[in-house]
Amino acid sequence: MSLGELQHLVMLAVVRLRDDAYGAAIRDELRRVAGRSVSVQTVWVTLVRLEEQGLTGSDDVAAPEGGRPRRVFRLTPAGWRALEEARVSMARMWEGVVRP
Amino acid sequence: MTRAHDAPPAARAVFRRLLPGARGREVLRDLDREYAAVRERRSRAGADVWYVAQLLRPDTWRLAFALRRLARAAASAGTLPAARGDVRGFRSDGGRAWLSGLSLDLRLAWRMLLKSPGLTVVGVLGIAIGTALGVGAFVVLTGLVYPKLPLDEGERVVALTMLDAESGSAERQLVHEFVTWREELRSVEHVAAATMGMRGLVTGDAPAMGVRAAEMTASAFRVARVQPLIGRYLLPEDEHEAAPRVVVIGYELWQSRFEGDPAVVGRTVLVGGVPHDVVGVMPPGFAMPREQELWTPLRVDPGQYARGAGPILYVFGRLAPGVTRERAQAELTVLGRRAAAAFPETDAHLRPLVLPYTYPLDGIEDRGDLWNAAMMQLILSLLLIAIAVNVAVLVYARTAMRRSEIAVRVALGASRRRIITQLFIEALALSSVGAALGLAIAHTALEQFGALTAARGESAFWVDYGLQPRSVLFAAALAVLSACIVGVVPALKATGRRVQSDLRGLSGATARLGRGWTALIVVQVGVAVTVLPPALSQGYRDIRTADVRPTFAAHEFLTADLAVATPLDPGMDGVAHRAAAAARLALRLSELERRLEAEPALAGVTFEGDAVSGGARVELENASGGAVFATPDAQLTGVAPDYFEVLDVPLMAGRGLTTVDAGADAGTIAGETARAPGVGVVVNEAFVRQLLDGGNALGRRLRFVPPPESGAWSDEHVAAEAGPWHEVVGVVPNLHASSFDSTYATPSVYYAVTPELQTATLLVRVRGDDVDAFAPRLREIASTLDPDLRIDRVANLARLPNTRFLAMVAILLQLIFGIVVLLSAAGVHALMSVTVTRRRREIGVRAALGAQPHRLLMSVFSRAGAQLAFGALVGAALAAALLQGSGLGLIRNAGFVGLVVGVMMLAGLIAATGPALRGLRIHPMEALRDE
């Protein structure tokens, strides 16, 4: 399965954040690391679509300060596969590319 | 601190509905956090706009669909049994087809809006203005009629009042009734009473300040169910005559006057010159009964007063559990009948009423007031309908031009319903953008207005001008209504039986000029000429009167409002209190004048009483000694005898006022001391010009008649209440004139007063350029005289800002009327250009058959001219009746009628010219071939 750029970035953010991969944190990670400023809704649309495609799963996890439970995302095996495939195909495409 | 759920509630409710399930709630929380962050960076209004704009983002809607898909998938897989609620409102499949049709229509509508930007801008602006006025009125009026008290079960807090059935006004001296109700009423709990007024507050060494205070029974705090922030609130024991004097203060006063001192409880302060111990601080937002910030116990002893006498009390309570307002009213009526039987002389005509808490405080006393509010709403909503009709005319004209397109679509199989839906959605897109803009305008304007009234301490604690779901709903309803007028009516007309003939005539055959078009043009011109001149006239009048400025050397003067806080001692009724206050003010004012005259920096000191206007009538004596009713609009101003000298205003004729003219009292005029018989008064130039037709004023006699309490003037009232005759002894130039029209001034009468007033405006003339530098010295002198002497609004007379806001509002209104004129002109232009365009080929054919061009043009223009003239004539007749009936005057406003007629005629004739000339240029062969 081929990934869109934002899907790719969101999945990487999910991996990087591990147990803290919830909506607002993912959005912050995108801004902090990738320099991508996206709206709350865009992040969530991407998360929901990844879930529909079976690339991610999610669980309700109680917030540390006893706040409302948060939905924390993780990659499914299919998600890992897609991510690795994307990385490999990207690397192949880059092979031999030289700026003229 | 910004709380997340401060986000606009209506938009938040839409989000909640849009984004279902646990994920939806989490998105909502993320948005709340983002809203809080935006609010840290921008203003509240900016953050609100940001939040509402999120609703319009495509990814919001994509997310809504994605969440629903997910919920459905989970439900069908059986993994989410609770997901049923997540997908309510969405049909399994038909919804999608419907939605895709809708999105097609929306895209088409969007394209049409972009295609005719002129029509779009005019339509959007028109509907925005109409919506802003409608929503503004709706928010204010629903706030009045359906108030929401921000108290626990606030809707169960009620006011208990007495209506005087004879005069139709409220009876407010309710000491005896209050005691009876408190002891006997079962259906209303904790019956409470309060009096309100300004009191001087002195804390430590700081100068006295006036605060909005209430003497209130302890039960009022139990009605409110609000716990004190610090210390305690008032208790029934505090109401005993021998109890120590205590005071409870509000949060804002605690912050501003006591710097939020946590040890404030136990401090002693002077309230109205009497030492009181602070026993508690109420939390923010508590301001019962209305906008009060300080509370002392109300001590009522009915033994001191006769029935119907005593202080003015506002009585309220909380409905007992399970009791309806109707049941409470029934019990109160029984008590009222019993009182009427026991005291027929005083109580027979009194009717006790249970009303929503805010009604008496907002001046709503009976059904008549509610009716007025409803009428007001109706009139403002009608304005939107008038605007919508104009936009509809424009759209209709365009739809008529699109007939061929519609006919083709019908031929290709589109149903009538489909086409009407599409035209409706086009109109809805237009009106929605207009309504959203109008909502934003209304929201911003109301917020500004709310901030202004709050800053002036005039805002009641329950008033909330924020964007409520109901105002958004109202705007949405207005948008749909406008869309119906703008879209559906023209669509029905355009898709009617004639579509088939339009299809046949697709290549451009002559469509007959229907009578419908003539009628539309006549109505359009007629309505514009009827409605707009009175509106313009009123607007112009408002502008002229809104910004009235001094014509004398105002920049050399400092002005200040003076009043003395006088304690309301038990046993003192309203009249005695006023007399005590007046006597104290007189004393202080004389001392203050003496002190100020010794100041080397000052060139003069004088004062004005409160100007009385709009209520009292001035009557002139005619040659035979009878009275001629002159005007209700003259302003009566009490001034110190040396007023004109200090102002350095030269007399135009006669003499100025003297201390003799300030003679002995002879009753009161509208709350001010009236002059004794025979003393002189001075009038201004406008009085001579407007009321005496420029004739000789000296020696003429006039008298004042105070307004009747019921508001209805009668000969009996005039005979009983008219003051003595006064001779005009001098004429002065207009001291104030409109900054927009220097010849416009209010007719004024000046009479001499002694300082026996409730409040006075001090005017001091300062030597040198730095007038403002004297302000601190003025406050200092005043505070050393008497700590209870309130000195407010010290300002340079040339810079008093109070009229500028009114002027802005008046100009804005006039601009709106102007836009409506242009909109109407655009409507006439569109209609006329369609009718003449539809005759273009007829013109071409007639030219081909040898008709003279000038005769053809004559025929076009005489027809157009006749339609326009007929409309203008009908409109002018109605406008004349309206102007005369409303008292605006026909002669004075003939110019406005002429202006609107001229604009409409011009628009119509210009619209006829283009198509007519184009018709003449059609090649005869082409015209004949088409036939």
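Guide: Helices (H or I, at least four residues) and strands (E, at least two) are taken as DSSP runs and numbered from the N terminus. This is a predicted model, in which local features need pLDDT of at least 70 and side-chain atom pairs count only at pLDDT 80 or more, while totals for chains, interfaces and linings use all residues. Residues are numbered from 1 along each chain as its sequence is written, chains are lettered from A and ligands numbered from 1 in the order in which they are written, and side-chain values use heavy atoms, with hydrogens and water left out.

On that basis, chain A contains four helices and two strands, arranged from the N terminus as α-α-α-β-β-α. Of the 100 residues in chain A, 47% are buried (under 20% relative accessible area, with exposed being over 50% and partly exposed in between; 1.4 Å probe, protein chains only). Among the contacts in chain A (heavy atoms within 4.5 Å) with a separation of 6 or more, 46% are made by residues 24 or more positions apart.

The charged pairs come next. Over all chains, the structure has 27 salt bridges (a side-chain nitrogen of Lys or Arg within 4 Å of a carboxyl oxygen of Asp or Glu). One of these joins R36(A) to E5(A), with 3.2 Å between the closest N and O atoms. R36(A) belongs to the loop between helix 2 (23-33) and helix 3 (40-52) of chain A, whereas E5(A) belongs to helix 1 (residues 5-17), so the pair ties together parts that are 31 residues apart in sequence. R36(A) is partly exposed, at 27% relative accessibility, and E5(A) is exposed, at 56%. Chain A also holds a network of salt bridges that links R16(A), E29(A) and R32(A).

D30(B) is buried, with a relative accessible area of 5%, while R33(B) is partly exposed at 47%. A further pair, R588(B) and E591(B), meets at 3.7 Å, N to O, within helix 18 (residues 574-597) of chain B and again three residues apart. R588(B) is buried, at 17% relative accessibility.
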